[in-house]
Amino acid sequence: MSNSIVIGAQWGDEGKGKIVDLLTEKTDIVVRAQGGNNAGHTVITDGNEYILHLIPSGILWPEKKCVIGNGVVMDPISFLEEIDGLAEKGIIVSPDNLIISTRAHLVMPFHREMDAYKEAAKGDGKIGTTKRGIGPTYGDKVDRIGFRLHDLIGDPVAFAERLHKRVSDCNPLFESVGMEPLDAEAIGKELLSAAERLTPFAADTVDYLHSAIKEGKSLLFEGAQGTYLDIDQGTYPYVTSSNTTSAGACTGSGVPPQKIDRVVGVTKAYTTRVGEGPFPTQNDTLADQFHKMGREFGATTGRKRRCGWLDLVLVRYASMVNGFDDLAITILDGLDDCEEIPVCTHYELDGEKLRLPPASAKDFERVTPVYEKLPGWNSDTTKIENYDDLPENARNYLTFIEKETDTRVSMVGVGPSRDQTIIR
Ligand code: GDP
Ligand code: IMO
Ligand code: MG
C-alpha cells in the first residue's frame, strides 16, 4: 500500500482538508505531523460542514484511524473542546480511532498569553498569528524547556512543579504590559483533570505507524499551513514555527523518507493569505469580490483573507522543495466569472528576472510581479465531473500551470463538497 503526503503550496487554506478527505477513502491511517490548532481544515460532506483544527480530517471516516504525531503541538484543553464539538455533530473521537504521540509538545496557557504578548510587543511588525500559542510552544521545544504529553500524564507532581516555576517566570512580563497574571494553581488543576481524559489517547505513535506499514496499511499525512509559512522555506519572519513542507511529515511522525510514495501539492487557482507579510500578487478588487460572496474568511480566526492572482513563482518553488508528484488545484470555480485571468509567471527585482522567490521578506515586498493574461472561461464549472468536460479555456489555464511548474495536475476542485472534485 502506498503512503502519501498532502502539502499546501501557498500560505495555507489551499483546500487541503477537502483533498485529504477525498484521499482518505483509499487510506487506512491519517496522520498530522506538525502545527497545532492554528490549522482550520474545512470538509463538507452530505451538506454538513466540519472544521478540523488539531484532529486529522480522516476522523470523519468512521473506519479509519488517525494519529497526532510527535511533531504536532497540542493544546490539551482545546483538543478536548474539539472532541466535544465533534461529538455534538455525531462524530465520535475515541482512542479506538485516534492516538496521540506521548512525545508531542503541549501548548500551555502561558504559551497562548506569550503569543499575545509578543505580538503586542512587535507593534506594526507583528506577524498576525492565530494567537494559539504555537510560536512560543515550538520556541520552548527548541529551547529544550517544553512540556510533552508524557510529562503531563506520567509524572503529575514534577509537571506541577515545573508549571509553577514557568508561570512565575512569565507573570512579571505579562504584568509589565498590563496583562493579567496567570494562576499556576488553577492551570495545574485544569490540566491535570484534562490528563485523565487524555491518558487513553497517549501512545507510542512511531511504533504504531511502523507496525502498520509492516502490515501493509497505507498512510496519508495531512499537511497543515503551507509552504510559504514554513519556518525555513517561507516568507520569514512572517511564517509559522514548524516545517510545513513535506520533510516535516517525516520528522514529525518518525516515518522515514523512503516509506513515502507520493507528495501531493494543493494550490488554489488564485492565491490567499491571512496574517501579515509579503504577498506580491495581492489584489484588493478580487478580495472585495470574494468577501461580498461570503468567501475567503479564515476557518480558525474568522479574519478576512487577503486575496490575489495565482503566483506561479510560489507554486514552482513549492513543487521543488516538497517534491510534488502532482498538483490538486482547488476552487477553479472561484474564477468562473473572470473575463481575463492574470497569472504571475515571474518577478522583477532591481532589473533582474526572478523565477524563484527571494530569501528576504524585504526583497519579497519589493518585487514586481509580471503577469501573463489568460482568457477566462466565463461559465459555471461547479457541476462538471470530468476533466475533458471543462471549458477549453479552463483546461488551457491548467495546462499553463503544469508547464510553468513542471508538475502534473491530477485533481481539480470545482466546489466545496466532497463530490465536487474532478479526478483526472
Ligand atoms: P485548508 O486549511 O487548506 O484545509 O483550507 P480551508 O478549509 O481553510 O479553506 C479552504 C476553503 O475553500 C474552505 O472554505 C473550503 O470549503 C473551500 N473549498 C475547498 N475546495 C474548494 C473548491 O474546489 N471550490 C470551492 N468553491 N470551495 C472550495
Ligand atoms: P491551515 O492548516 C493560513 C498563519 C497566521 C500567521 C502565521 C503565524 O488551515 O492552512 P501562527 O499562529 O501559526 O504562529 O501564525 O501563520 N497561519 C495560517 N494561515 N492557514 C493556516 O493553517 C495557518 N496557520 C497559521 O495567520 O500569518
Ligand atoms: Mg485552513
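The sections below take these topics in turn.

## Basis of the model

This is a predicted model, in which local features need pLDDT of at least 70 and side-chain atom pairs count only at pLDDT 80 or more, while totals for chains, interfaces and linings use all residues. Residues are numbered from 1 along each chain as its sequence is written, chains are lettered from A and ligands numbered from 1 in the order in which they are written, and side-chain values use heavy atoms, with hydrogens and water left out.

Asp-13 belongs to the loop between strand E1 (4–8) and helix H1 (16–24), and Gly-40 to the loop between strand E2 (29–32) and strand E3 (41–45), so the pair ties together parts that are 27 residues apart in sequence. Helices (H or I, at least four residues) and strands (E, at least two) are DSSP runs, numbered from the N terminus.

Gly-40 is buried, at a relative accessible area of 12%; buried means under 20%, exposed over 50% and partly exposed in between (1.4 Å probe, protein chains only). Helix H1 is mostly covered, with nine of its nine residues buried, among them Lys-16, Asp-21 and Thr-24.

## A negative patch

On the surface, Asp-46, Glu-385, Asp-388, Asp-389 and Asp-419 gather in a patch of negative charge, a patch being made of residues with over 30% relative accessible area and no salt bridge, with like charges joined within 9 Å and nonpolar side chains (Val, Leu, Ile, Met, Phe, Trp, Tyr) within 5 Å. Glu-385 sits in the loop between strand E17 (368–375) and helix H13 (392–405) and is exposed, with a relative accessible area of 64%.

## Salt bridges

The structure holds 21 salt bridges, each defined as a side-chain nitrogen of Lys or Arg within 4 Å of a carboxyl oxygen of Asp or Glu. One of them joins Asp-169 to Lys-165 (3.0 Å, N to O); both residues lie in helix H6 (residues 156–176), four residues apart, about one turn of the helix.

Glu-402 forms a salt bridge with Arg-424, their closest N and O atoms being 2.8 Å apart. This pair links distant parts of the chain, with Glu-402 in helix H13 and Arg-424 in the segment after strand E19 (421–423), 22 residues apart. Glu-402 counts as buried at 17% relative accessibility, whereas Arg-424 is partly exposed at 39%.

Note on methods:
Areas by Shrake-Rupley, 256 points an atom, 1.4 Å probe, with all protein chains shown as cover. Lys, Arg positive; Asp, Glu negative; His and termini not counted. Charge placed at Lys NZ, Arg CZ, Asp CG, Glu CD.
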